[in-house]
Amino acid sequence: MRTMESTRRCIRLAALAAGVLAMGTIPAAEPASGPVRLAIADFERDSQGWRYVGGEEFPGAKGGAAIDPAVARGGARSYRLEADFGGGGAYVGVWCELGALEGRDFKELRLWVKADNIRRVGVRILDASGQCHQKNGVPLRATGDWQEVVLAVADLVGGEHWGGANDGRWHGPAAAFGLNIGRDGLAAQDRKATLFIDDVDAVLGAAIGGRAALRPAVVAPPSCRPGFSTRITFRWEAEPMGRDYLAFVHFRGPDGRMAFQSDHAPKTPTSIWSGRVEYSYGIFVPEKTPGGDYRIVVGLYDKKAGNRGWDHPPLDALDGAIPEKGRDGAGSCQVGVLEVDAGAPLPELPAPTLDLAGFAVTFEDEFDDLSVSAAGPGTRWFTATKENFGDARFVEQKDGFPF
């Protein structure tokens with residue numbers, strides 16, 4: 001079993017390698033057994049959700065974006081972004097919504113570009129919280145040929161950011177991304193530049209390669225009557241996972257079936273987990289739950305990802321937690337047992353904390369005299385304004401009327 005420290009070392013090495021690749025350009029080379037790539041745009045039919053961004057907050061730049069039927073990498077067309085900084089301005093760009101990915105995680109964007117008078121581009125990527133992460137200065141090779149640019153999501157995070165969570169951390173999945181031509185990224189004194197874009201793919205996988213491990217939970221009290229509640233403290237060892245998962249908590253009876261559950265959102269989002277993470281939740285045991293011991297099975301899932309096989313991240317088990325390989329899949333662990341017993345001790349109520357000394361009653365009504373009407377006068381209660389109660393009206397009590 002991989003320890004958390006060895007996992008961290010592997011992640012740091014992978015992140016370093018990704019960072020080296022992300023800032024350069026590489027020739028296309030994808031082994032048949034390599035990562036799964038999902039096409040985002042090839043521009044053979046239309047612009048497929050791409051739009052022009054004029055950089056209007058820095059007036060002066062001109063430009064445009066459109067399908068180009070004369071220049072293409074593999075098919076018949078590409079997408080052309082033009083910039084003209086002769087009148088000033090700072091940048092122009094394109095923006096692409098990623099709704100077609102349906103919440104799937106990806107770790108890299110790969111796209112082919114052909115640049116005229118451009119030595120570097122800017123990249124923006126929007127996470128699920130609405131936070132925009134920006135990285136300027138992604139270099140391009142000094143060539144007039146097509147070149148593949150590899151953008152690792154992990155390398156785009158941690159610098160300039162705004163909006164959404166606004167914490168500089170990744171809250172996946174990605175919602176959109178954009179490319180910018182900046183005036184300071186031009187290769188020559190000429191104030192005009194053109195960027196052709198084609199064959200944009202997403203490499204599926206976790207954007208941030210964090211991993212979580214479960215320790216046995218603390219159940220207090222460990223025995224609970226049906227119709228009552230107990231409290232469970234969940235204990236995790238974790239790294240930032242890049243997206244906000246929900247936790248599922250399944251209670252499996254002696255027959256192995258799930259009797260009830262208590263899913264929840266961890267109090268600290270999993271996207272920014274770090275080190276020891278502990279929190280407690282009250283768990284209600286349904287009234288008709290039969291007596292017996294119930295295994296507590298815990299895991300993480302992402303409801304946005306559906307049932308495509310990558311919505312349950314893998315988990316490690318520590319200090320006696322038991323990995324589950326059955327119905328809940330590999331991404332879950334048994335963290336304890338809850339005994340359901342009709343004869344379990346009743347929970348102790350806390351001592352009263354509200355001190356009413358010094359308070360005086362200024363109004364009370366026991367409603368012994370149901371003197372009411374729709375508009376008054378002559379009754380104790382009546383409907384004062386329609387604005388307060390809408391169509392509701394006070395009415396006199398009558399036989400069979402429940403209020």
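Q: Which residue forms a salt bridge with Arg215, and how far apart are the closest N and O atoms?
A: A salt bridge is counted when a side-chain nitrogen of Lys or Arg lies within 4 Å of a carboxyl oxygen of Asp or Glu. Here the partner of Arg215 is Asp319, and the closest N and O atoms are 2.0 Å apart. This is a predicted model, in which local features need pLDDT of at least 70 and side-chain atom pairs count only at pLDDT 80 or more, while totals for chains, interfaces and linings use all residues. Residues are numbered from 1 along each chain as its sequence is written, and side-chain values use heavy atoms, with hydrogens and water left out.

Q: Where do Arg215 and Asp319 lie in the chain?
A: Helices (H or I, at least four residues) and strands (E, at least two) are DSSP runs numbered from the N terminus. Arg215 belongs to strand S14 (residues 212-220), whereas Asp319 is in the loop between strand S21 (315-317) and strand S22 (322-323), so the pair ties together parts that are 104 residues apart in sequence.

Q: Is Arg215 buried or exposed, and is Asp319 buried or exposed?
A: Buried means under 20% relative accessible area, exposed means over 50%, and partly exposed is in between, with a 1.4 Å probe and protein chains only. Arg215 is buried because its relative accessible area is 15%. Asp319 counts as exposed because its relative accessibility is 56%.

Q: Which residues are linked with Arg215 in a network of salt bridges?
A: The network consists of Arg215, Glu237, Arg276, Glu278 and Asp319. A search of the whole structure finds 16 salt bridges.

Q: Which residue forms a salt bridge with Asp201?
A: Asp201 is joined to Arg37, with the closest N and O atoms 3.2 Å apart. This pair links distant parts of the chain, since Asp201 is in strand S13 (residues 192-204) and Arg37 is in strand S2 (residues 37-41), 164 residues apart. Asp201 is buried, with a relative accessible area of 17%, while Arg37, at 27% relative accessibility, counts as partly exposed.

Q: Which side chain meets that of Asp302 in a salt bridge?
A: The side chain of Arg243 does so, at 2.3 Å from N to O. Asp302 is in the loop between strand S20 (292-301) and S21, and Arg243 is in the loop between strand S16 (229-238) and S17, so that distant parts of the chain, 59 residues apart, are linked. Asp302 counts as buried at 5% relative accessibility, and Arg243 counts as buried at 3%.

Q: How many helices and strands does the protein chain have?
A: The protein chain has two helices and 25 strands. Two strands are said to pair if DSSP finds at least two bridges between them. For example, strand S17 (residues 246-252) and strand S18 (residues 258-261) pair in the antiparallel sense over three bridges. Arg252 has Met258 in S18 as its bridge partner. Five residues stand between the strands of this hairpin, in which Gly256 takes a positive phi near 85 degrees.

Q: Which residues does Asn180 touch, not counting residues up to four places away in sequence?
A: Contact means heavy atoms within 4.5 Å. Asn180 touches Tyr91, Val92, Gly93, Val121, Gly122, Arg124 and Gln134. Asn180 is found in strand S12 (residues 176-182) and counts as buried at 7% relative accessibility. For the protein chain, residues 24 or more positions apart account for 74% of the contacts with a separation of 6 or more.

Q: Where is Gly89 placed?
A: Gly89 is in the loop between strand S5 (78-84) and strand S6 (91-97), and it is buried, with a relative accessible area of 10%. Leaving aside neighbours within four places in sequence, Gly89 is in contact with Phe58, Pro59, Gly60, Ala61 and Arg183. The C-alpha atoms of Gly89 and Glu56 are separated by 8.0 Å, although these residues are 33 residues apart along the chain.

Q: How many disulfides does a search of the whole structure find?
A: A disulfide is a pair of cysteine sulfur atoms within 2.5 Å. The search finds zero disulfides. Cys132 is buried at a relative accessible area of 6%, and Cys224 is buried at 3%.

Q: What percentage of the residues of the protein chain count as buried?
A: Of the 403 residues, 42% count as buried.
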